[in-house]
Every structure is written in C-alpha cells, then in structure tokens.
Amino acid sequence: MSSPRRAIVVSLVLMAVPLLYAVITFAARPAAERPWLEPPTANTTCVLPKDRMRYDHMGYLKRLRDRVMREGRREQVTGNHAQGIASCRNCHAHRELFCDRCHERASVRLDCFGCHTY
Amino acid sequence: MSASEQAAEIARTHERLAPDRELLHRVLASGGEDLRKCMQCATCSAVCELTDARQPSPRKEMLWAQWGLTDRLMADPDLWLCHQCNDCTSRCPRRARPGDVMAALRRECVLHYATPRAFAGWVNRPVGLFWMALITAALIATAAGLWQAFGLSTTELSLTGPRTVFPFWTRLPHGVLCVVFISLFLFDLVVLAMGARRFWRNLGASSLQPNLHQPVASLRATFRRILWHDDFGRCTTSRRRRIPHLLVIYGMLALWLTSVWVVTARWNPLLEGLVYPLGFWNPWKLMANLAGMAVTVGLAWMLAERWKRPDMSGSTTYSDLAMLASLLLIALTGLATEMLHILRMEPLRFAAYSVHLIAIGMLLCMLPYSKLAHVVYRTLALAHAERTGRGQP
C-alpha cells in the first residue's frame, strides 16, 4: 500500500468517527423517564390539541401575551380564559404537580411566575 | 465502376465534415492559444501515460479542435481521461501546449452539455461572478423577507423554545437557509443530471469499442479509481498535484457531511438534544475544523503551484481562478466566522458569515457550468472507459 493510500484510508476512517459517535451515543442513551403529572381536573379539551400544547405552550403563551399587551386584542381571553395564565388552574390545579415537574426535569427556568400568581 | 456507383461508394465511405469555426476561436481564447502551432507529430500521444493505446490522445483532439469538429469532441471520453499531467505540454517540440488545449476543450464540453446555455456562458464571464454575488444576496434577503412577512420566523423561534437568539438569527433563521441552499443544490443536481444523461448517450453512440462490462461493475471500478486517485499517480510532470487534490476533495466531502448533519439537526433522531453551536471537542466540530484546514492548505498549494510552476500546472484561465478563489473564499470565511465567534466579535462575525453564505450561493449557482462539473463528466467518462476497456494497455 503506497503512502497516499494509507492517508486516504485514515482520513475516511476519521470521517466515519463522528457518525459512529452519534450512533453509539444514540444507542447508549437511556429512554427518557416521563415525570408523573397531575391529570386535569375538568374533562374538557385544552385551548390547543394536546400534542400542540405539549410542544408549543410557550409559543402560544408568548403570542397571546403579544396580542393582549402590545396589540390590545383580548378576544382570546374571555369567558373561561378571562384570567390569562391563571385560567390554566381551572383544569391543572397545582403548578407544583404539573408545570414544575417537566420544567425541573428539563432544567428549564421560567420567569412567568415571578409576576403571575398560580 | 460507373460514375454513379463511384459517387455512391464515396457517399458510403466518406463523411462530410461540418467544421465549427466558433469552437476554434473559443478554444484559442480560453487557454488554448497555442493550438494552431500543432504539427501532428504525435509526441504528446506517445508520452501520455493515461491514454488509450488503440485511439491515443491528445493528438487527435488537437486535430479535431483545429478543424472545429465539435460533435466528435463533445462525445470523446479521452478529453476526460486526461488529468492534465502536462507530460505532453512539457515535451511538445512546437510548444503547442496540448494539456491546456484539452483543458479548454473540457470547459467547452461542460458548456455544451449545460442546460440553460445562455446562463452557462454568462456565468463563465468575469462579470457573471459579480452579478451572481448580488443574485445570491438578493435571494437570501427575499427568502428572509418572505419568511418574516408570513410570520414563519416567529413560529420557528417559538418552536426552538426558550433560549437566547441573536437578532441576526431572527432575520436569517435556519429555515430560510435550508430553503435557499437546498433549492440551489437541487437545481445543480437537476442540471447536472440532464447534462450527464446526454453526455452518457453520446459516449455510447460514438463508441468504437464494444462494451465489455456491466454499467454497475464499471461504475464501481471507477469509484475505486477516484477513491485512490490512481490516475494522478501515473502522471510524470505534475505528479505532485495528487496530494493537494486529495486534500481538497476529501476536505470538501467531510465539510459536506457536516453540513448535511447540521441541516438535518431538527429532524434527525440521532441528533436529539443537540445543543447548537457545537462544543469545540464535539467530533463533528473537530472533523469540520480539520477538513476546513485541509481544504485551505490544498487550495493554497494549488494556487502556489500555478504561480511558481506555470509550465507544470498549465496556463491559468479565468475559470480555474474563479473556482479556486471561490472555494478558498468559502474555506477562509468559514474559519474566520468560527474565530470571530470564539473571540465574541459579534458584528464582524455576522459580516464574515454573510460573505461565507454568499460565496456558497455563488458556488452553487455556477457549479454545473464551472470546472467543478468535472465531478460528473469525468466520472462518466471513466465509467465508459472501464466499460469498454479503454485506456488499459
């Protein structure tokens, strides 16, 4: 084997390393344990479908905030939802048993509840 | 034999040539200016290490180019079997520089099979480079503008969750870059595939030798040849070009893999929980840094060779320089962006990154019409050669 051949083999092997690393870390990763959450008290649907809500509740809240505070449009915060974020309590009674459980698991720090009581 | 029989015999055995004088002038103007000095002594064919023994080149290509036989030249695999070792050029008694003529003919071949012909010609003029930079910048700006107008960037930002996002990235988010660069890449693939199809058909139609192997087997043999760069190793005069070419292509391959990896981060299950930007010791980061350096060193080496030893590396035309310079610009601005990021020099970093993006867009715009198209055409010609047993003594 001539010397450029050896160098080519070495560089191809090196190129495979990151991919192997990703595959191995993926395979070795333990399945994420789901935290226990308090089930909703009222048997009604949320403001958005469950999957949407699980994935995008923060985006939903931020867009709602922008609409109310910056544009003065309150059409979504009437009736059941008149209390804004505090209306979530209608179904999810305890912040400690619902919001905080996932956020603690995911190491997400919020600034919502510095001002808003829940 | 009667006169009419004689005429029929002549019509059967003789081919009426249709010379294309434009071709001659284009070749003379793009690096092959010494073509007309050729006196057909065939020293070039005798010294060539890569040519086929039964129909040797480049003597016949010199004649075809002088006569302007475009059809034969454009279906000629020998153009692409040549790796411009310049053994012919250094030994030519008339200094007709066959190596440079072959390079000019390869450029003509790329233009011949390019699909919007007018665009291809325009891209290969120096002024095209300037306009392409503007077009790419405008493309990215338009995509970013549309993205903003349809509120997609707020959606995207809300989907990425609570984290710090610089104002720059809200204007130029992941989605915009994916849309612009993936569509440019697909455009390249389509144009190259169309050219490749026509080229492969012409190769088959004008082949004088029967097919010995199956297409798949010959393609496999070709990839082996490309993998080791065996043909470069058979050169005598510019044997050294093998190393910088290896550095550049394997470096670009690694960078391309990294880009694919980063682009798919959102959907790739292997990348779940990936925090971007990657840390310095992340294997992908390490590989991309090494590859960036390999590409830079390889390109600097190529430019230095052209500068210091023009006789060995062939004459440097605009298309050579445009390719080397835009690749070098991409590598250097990429490395500069990373340095400025590490140094936290924010506005400068964004400026370097913008230049980097525009340079990549430029490269993708001109790729199927540039020297880089040899990736496809040379591979096909080598596959054809493997299939027909061409070039093997």
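The model is predicted; local features need pLDDT of at least 70, side-chain atom pairs count only at pLDDT 80 or more, and totals for chains, interfaces and linings use all residues. Residues are numbered from 1 along each chain as its sequence is written, with chains lettered from A and ligands numbered from 1 in the order in which they are written.

Chain B contains 21 helices and zero strands. Helices (H or I, at least four residues) and strands (E, at least two) are DSSP runs, numbered from the N terminus. The C-alpha trace of chain B spans about 95 × 45 × 40 Å along its principal axes. Of its 393 residues, 39% count as buried. A residue is buried if 20 or more other C-beta atoms lie within 10 Å of its own, exposed if 12 or fewer, and partly exposed in between, with C-beta atoms placed from the backbone. Among contacts in chain B with a separation of 6 or more, 77% join residues 24 or more positions apart. Two residues are in contact if their C-beta atoms, placed from the backbone, lie within 7 Å.

The domain assignment divides chain B into domain 1 (13-113) and domain 2 (117-236 + 317-388). Such bounds come from an automatic or database domain assignment. The centres of domain 1 and domain 2 of chain B, taken over C-alpha atoms, are separated by 29 Å. Their contact takes 19 residues from domain 1 of chain B and 26 residues from domain 2 of chain B. On the domain 1 side, helix H6 (78-81) and H8 of chain B each supply at least two residues. H8(B) gives the most to that side, with six residues. By class, the domain 1 side has 11 nonpolar, four polar and four charged residues. Here Ala, Val, Leu, Ile, Met, Phe, Trp, Tyr, Cys and Pro count as nonpolar, Asp, Glu, Lys and Arg as charged, and the others, Gly among them, as polar.

Helix H8 of chain B covers residues 98-113. It is mostly covered: 16 of its 16 residues are buried. At 1.5 Å a residue, the 16 residues of H8(B) should span 22 Å, and the end C-alpha atoms are 22 Å apart, which agrees. The expected span is 1.5 Å times one less than the number of residues.

Helices H16 (residues 242-263) and H17 (residues 283-308) of chain B form a helix pair. Their axes come within 8 Å and cross at roughly 145°. Axes are lines fitted to C-alpha atoms, for helices over the stretch in contact, and angles run from 0 to 180 degrees between N-to-C directions. The crossing of H16(B) and H17(B) is left-handed, meaning that the near helix is turned anticlockwise from the far one by less than a right angle. Residues of H16(B) in the contact include Pro244(B), Leu247(B), Tyr250(B), Gly251(B) and Trp261(B). Those of H17(B) include Trp284(B), Met287(B), Gly292(B), Gly298(B) and Trp301(B). A cis peptide bond joins Ser57(B) and Pro58(B), with omega about 5°. Pro58(B) lies in the loop between helix H3 (43-47) and helix H4 (59-67) of chain B. Ala42(B) is not a glycine, yet has a positive phi of about 70°. Ala42(B) is placed in the loop between helix H2 (21-29) and H3 of chain B. Ala42(B) counts as partly exposed because it has 14 C-beta neighbours inside 10 Å. Asn86(B), also not a glycine, has a positive phi of about 70°. Its place is the loop between H6 and helix H7 (87-91) of chain B. With 26 C-beta neighbours inside 10 Å, Asn86(B) counts as buried. Ala137(B) is found in helix H10 (residues 126-149) of chain B. Ala137(B) has 16 C-beta neighbours inside 10 Å and therefore counts as partly exposed. The C-alpha atoms of Ala137(B) and Asp230(B) are separated by 40 Å. These two residues are 93 residues apart along the chain.

Chain A is assigned domain 1 (1-30) and domain 2 (50-114). The C-alpha centres of these domains of chain A lie 45 Å apart. The contact between the chains takes 17 residues from chain A and 17 residues from chain B. Helix H1 (3-28) and helix H2 (50-70) of chain A each supply at least two residues of the chain A side. H1(A) gives the most to this side, with 12 residues. By class, the side of chain A that touches chain B has 12 nonpolar, two polar and three charged residues.
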